[in-house]
Amino acid sequence: MTGSSDASGSEQIDLAQLGALLRERRGSLSLRQAAAEAGVSFSTLTRVEAGAQPDLTSFTLLCGWLGVSPAQFFMPVAERRVTPIDEVIAHLSADPRLGSDAASKIASVLRNMYDVLATTPAQRPVVACHLRAASALRPGVPHRLNSLLSAMHDGLAERVAAGEL
């Protein structure tokens with residue numbers, strides 16, 4: 001299991017890179033010598049060099065022995081390949097209380113509703129002003145700043161509406 005991502009979208013460790021770095025770092029040392037230096041068992045080092053996933057303690061020890069951050073081995077979370085409606089339909093199909101005909105009919109209704117109602121999120125600009133430190137300001141200042149920021153907000157909103165921003 002190297003370089004691939006699973007369907008659940010969970011993070012995975014690049015075991016191929018880990019194994020290659022371990023072999024490179026071990027160099028002419030025997031597996032037993034390298035394992036002793038790294039603080040892991042001989043069998044653990046052998047398995048990880050071959051591509052097996054170590055437990056968290058061994059992984060941490062091996063990264064320490066390599067002198068690298070464990071973070072470098074984590075691969076990005078996979079993009080979602082299953083749409084939300086497909087996920088819902090899969091759950092319906094797996095529900096033991098529903099027969100295949102009932103699950104299919106419900107799925108058909110849901111898919112039709114989804115196709116009609118689901119839209120691409122609008123790409124409209126957001127104009128907002130916030131004053132997070134208002135409670136820490138001297139009396140009267142938040143009120144004056146509020147007026148100023150409201151005027152700025154209104155001006156920006158007008159420019160956005162006019163297509164200037």
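**Exercises on side-chain contacts**

R111 and D86 are joined by a salt bridge, with their closest N and O atoms 2.8 Å apart. The structure is a predicted model, in which local features need pLDDT of at least 70 and side-chain atom pairs count only at pLDDT 80 or more, while totals for chains, interfaces and linings use all residues. Residues are numbered from 1 along each chain as its sequence is written, and side-chain values use heavy atoms, with hydrogens and water left out.

**Exercise 1.** Find where R111 and D86 lie, and state how accessible each residue is.

*Solution.* Begin with the contact itself, which is a salt bridge, that is, a side-chain nitrogen of Lys or Arg within 4 Å of a carboxyl oxygen of Asp or Glu. Finally, R111 is partly exposed at 33% relative accessible area, and D86 is partly exposed at 31%, where buried means under 20%, exposed over 50% and partly exposed in between (1.4 Å probe, protein chains only).

**Exercise 2.** Decide whether D95 and R97, which meet in a salt bridge, are buried or exposed.

*Solution.* The N to O distance between the side chains of D95 and R97 is 2.9 Å. D95 has a relative accessibility of 17% and therefore counts as buried, whereas R97, at 73%, counts as exposed.

**Exercise 3.** Describe how D101 and K105 are placed in helix α6.

*Solution.* D101 and K105 form a salt bridge, their closest N and O atoms being 3.3 Å apart. Both residues lie in helix α6, four residues apart, which is about one turn of the helix.

**Exercise 4.** Work out how F59, F73 and F74 are linked by ring pairs.

*Solution.* The whole structure holds two aromatic pairs, where rings of Phe, Tyr and Trp (its six-membered ring) pair if their centres lie within 6.5 Å, and planes under 30 degrees apart count as stacked, over 60 as edge-to-face and the rest as tilted. The ring centres of F59 and F73 are 6.1 Å apart with their planes at 70 degrees, so this pair is edge-to-face. F59 is buried, at 3% relative accessible area, and F73 is buried as well, at 0%. F59 also forms an edge-to-face pair with F74, at 6.0 Å centre to centre and 85 degrees between the planes. Together, the ring pairs link F59, F73 and F74 into a cluster.

Notes
Helices (H or I, at least four residues) and strands (E, at least two) are DSSP runs, numbered from the N terminus.
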